[in-house]
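Hi,

Here is the model I promised to pass on. Have a look at it first, then read my notes below.

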Amino acid sequence: MTTGRQVLMAQAALVGGLVTALLIKELPGMVRELRIYRMTGGLRANRRYP
């Protein structure tokens with residue numbers, strides 16, 4: 001018989017696995033967006049692009 005603690009640990013492991021899979025899947029796009037953001041000037045770009 002499973003206790004509440006075991007169910008909670010199983011749910012935490014499942015959510016952690018899903019978050020990790022999503023992060024690995026989206027990482028290349030996030031890196032590309034960050035590179036574009038840095039090329040356009042980042043936070044200082046307000047002066048350049050009104």
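Predicted model: local features only at pLDDT ≥ 70, side-chain atom pairs only at ≥ 80, totals over all residues.

**What I found**

Lys25 and Glu26 pair through their side chains in a salt bridge, 3.5 Å from N to O (a side-chain nitrogen of Lys or Arg within 4 Å of a carboxyl oxygen of Asp or Glu). The structure has one salt bridge. Lys25 is exposed because its relative accessibility is 61%, while Glu26, at 36%, is partly exposed (buried is under 20% relative accessible area, exposed over 50%, partly exposed in between, with a 1.4 Å probe and protein chains only).

Residues are numbered from 1 along each chain as its sequence is written, and side-chain values use heavy atoms, with hydrogens and water left out.

Helix 1 covers residues 4–39 and spans 50 Å from first C-alpha to last, close to the expected 52 Å (helices are DSSP runs of H or I, at least four residues, numbered from the N terminus; expected span is 1.5 Å times one less than the number of residues). Of its 36 residues zero are buried, so helix 1 lies largely in the open.

There's a bend of about 50° at Leu27, with Pro28 following within four residues (the angle between axes fitted to the seven residues ending there and the seven starting there). Just after helix 1, Gly41 has a positive phi of about 110°.

Cheers

Terms used: Helix = DSSP H or I, 4+ residues; strand = E, 2+ residues; numbered from the N terminus.
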